[in-house]
Amino acid sequence: MSSRVDMRWKQDFPIPSQEDSYVTRREFTKFLGLTSLAFFLGTFTAAARKLWKRAAGTPAAVPVAHVDEIPVGAYKLFRYPTENDPCILLRLEQEQFAAFSQNCTHLACPVHFNAATRQLVCPCHKGFFSAQNGRPLSGPPRRGLAAVAISIRRNQVWVELSHEERA
Amino acid sequence: MMEYEFFIDPSRCIGCQACVQACMECDTHRGRSMIHLEVIDRAASTQTGPVVCMHCEDPACARVCPADAIKQTEDGIVHSSIKSRCIGCSNCVLACPFGVPHYIAEIDQMMKCDMCFDRTSIGKKPMCATVCPSQALYYGTAADIQRLRPERPINEFRFGKQVVRTKVKIMSSPESERLEFDILEVMADV
């Protein structure tokens, strides 16, 4: 019995280098199967989370700032819809506000507002976004910043998830 | 094509350290020699003996490696540990009957003589054999050594009940077929 166990042990850890680097058809198939399964589970989990979020309903609109609180060219940071979602509210003109998720779409570093160039800048890998609409201008990011819909009611800036975000 | 083999004749060694210096020149382990130049009995004699890897047919170092880091290529050469696998446990250092593997603490890895694999695989001689002035380290064909030397090349060693066969051969008396070592006796002498 012990000698059979010994033999199996030797097969798993062969000393000759050509046997060590040899991949059997069974091992390769196992690798393909397990990798496919991992991909499937990952996709399934992502889809399930999205559905779960949608089923939970959309978060209510909330006021994040008083209009007079932010001068033109300034910004305010807030978190919406949860404490784990940092967002940035910009006042571009007297009557023009914009709000975006602060996570850079490249590797989720927080973006900063540069009022002089009217751009949102990610310092990690020099990514630039338009402050008008969140579209990527240069650098590694290829997708625009997630926009947060804004409405002004009774001198308060209210935010809610935009239609794209809700979907 | 005649196969080249490595022959060691410790009785020819003059202790010049040329092999040690030549080994240090190698690009794959620059500045560090993989050869031990052993002093046989410092008090009684000036005799020295070069120790290179004997490249066992069934290498004890690879057998005891828990990290599967020591591999033997088709030509019978037992290589240094694979860097990404070696865990620096020194099992091989303790297991080798010839005392060949080095554990290098600074890089936490075992390194050993690989018979200048980069050179011998393209038909060149190992560094040490090219510089040895007394040819205690000789790299050539079996026919050549038979023609040049009266001694007999031996590659079978007996340590107690264990028989070890090696790729590298040691020149010994024409009468002997194998070299026998009684470890306990040697230890008692020490």
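## Chain B: contacts and burial

In chain B of this predicted model, 52% of the contacts between residues at least 6 apart in sequence join residues at least 24 apart. Buried residues account for 32% of the 190 residues of chain B. The secondary structure of chain B consists of seven helices and nine strands.

Confidence in chain B averages a pLDDT of 92, and 99% of its residues score at least 70. For the complex, the predictor reports an ipTM of 0.80 and a pTM of 0.63.

## The five-stranded sheet of chain B

Chain B contains an open sheet of five strands, in the order β6-β1-β8-β7-β9, with mixed pairing. At its edges are β6 (137–141) and β9 (179–181) of chain B, each of which pairs on one side only. Direction ignored, neighbouring strands of this sheet are turned by 45 degrees against each other on average.

One pairing in this sheet joins β7 (residues 152–159) of chain B to β9(B), in the parallel sense and over three bridges. Across from B:Arg158 stands B:Glu180, a residue of β9(B).

## A loop residue in chain B

B:Gln47 sits in the loop between β2 (36–39) and β3 (48–51) of chain B. Is B:Gln47 buried, exposed or partly exposed? Within 10 Å there are 15 other C-beta atoms, so B:Gln47 is partly exposed; a buried residue would need 20 or more, and an exposed one 12 or fewer.

B:Gln47 and B:Arg12 are 35 residues apart along the chain, and their C-alpha atoms are separated by 9.0 Å.

## Chain A: overall composition

Chain A has four helices and ten strands. Along the sequence they follow the pattern α-α-α-β-β-β-β-β-β-β-β-β-β-α.

Of the 167 residues in chain A, 16% are buried. Among contacts in chain A between residues at least 6 apart in sequence, those joining residues at least 24 apart make up 34%.

## Helix α3 of chain A

Helix α3 of chain A covers residues 25–55, which is 31 residues. From its first C-alpha to its last it reaches 44 Å, close to the 45 Å expected at 1.5 Å a residue.

How many of the 31 residues of α3(A) are buried? The number is zero, so α3(A) lies largely in the open. Just after α3(A) comes A:Gly57, with a positive phi of about 90 degrees.

## The six-stranded sheet of chain A

Chain A has an open sheet of six strands with antiparallel pairing, in the order β1-β10-β9-β4-β3-β2. Its edge strands are β1 (62–66) and β2 (75–79) of chain A, and each pairs on one side only. From one strand to the next, the twist averages 30 degrees.

Within this sheet, β9 (residues 147–153) and β10 (residues 156–161) of chain A pair in the antiparallel sense over six bridges. A:Ile150 has A:Val159 in β10(A) as its bridge partner. In general, strands of a sheet pair through backbone hydrogen bonds, either parallel or antiparallel.

## The contact between the chains

Seven residues from chain B and six residues from chain A take part in the contact. Sorted by class, the side of chain B that touches chain A has three charged, two polar and two nonpolar residues.

Notes. Residues are numbered from 1 along each chain as its sequence is written. Chains are lettered from A and ligands numbered from 1 in the order in which they are written. This is a predicted model: local features need pLDDT of at least 70, side-chain atom pairs count only at pLDDT 80 or more; totals for chains, interfaces and linings use all residues. pLDDT is the predictor's confidence in each residue, from 0 to 100. Helices (H or I, at least four residues) and strands (E, at least two) are DSSP runs, numbered from the N terminus. Two residues are in contact if their C-beta atoms, placed from the backbone, lie within 7 Å. Two strands pair if DSSP finds at least two bridges between them. Axes are lines fitted to C-alpha atoms, for helices over the stretch in contact, and angles run from 0 to 180 degrees between N-to-C directions. The expected span of a helix is 1.5 Å times one less than its number of residues. Ala, Val, Leu, Ile, Met, Phe, Trp, Tyr, Cys and Pro count as nonpolar, Asp, Glu, Lys and Arg as charged, and the others, Gly among them, as polar.
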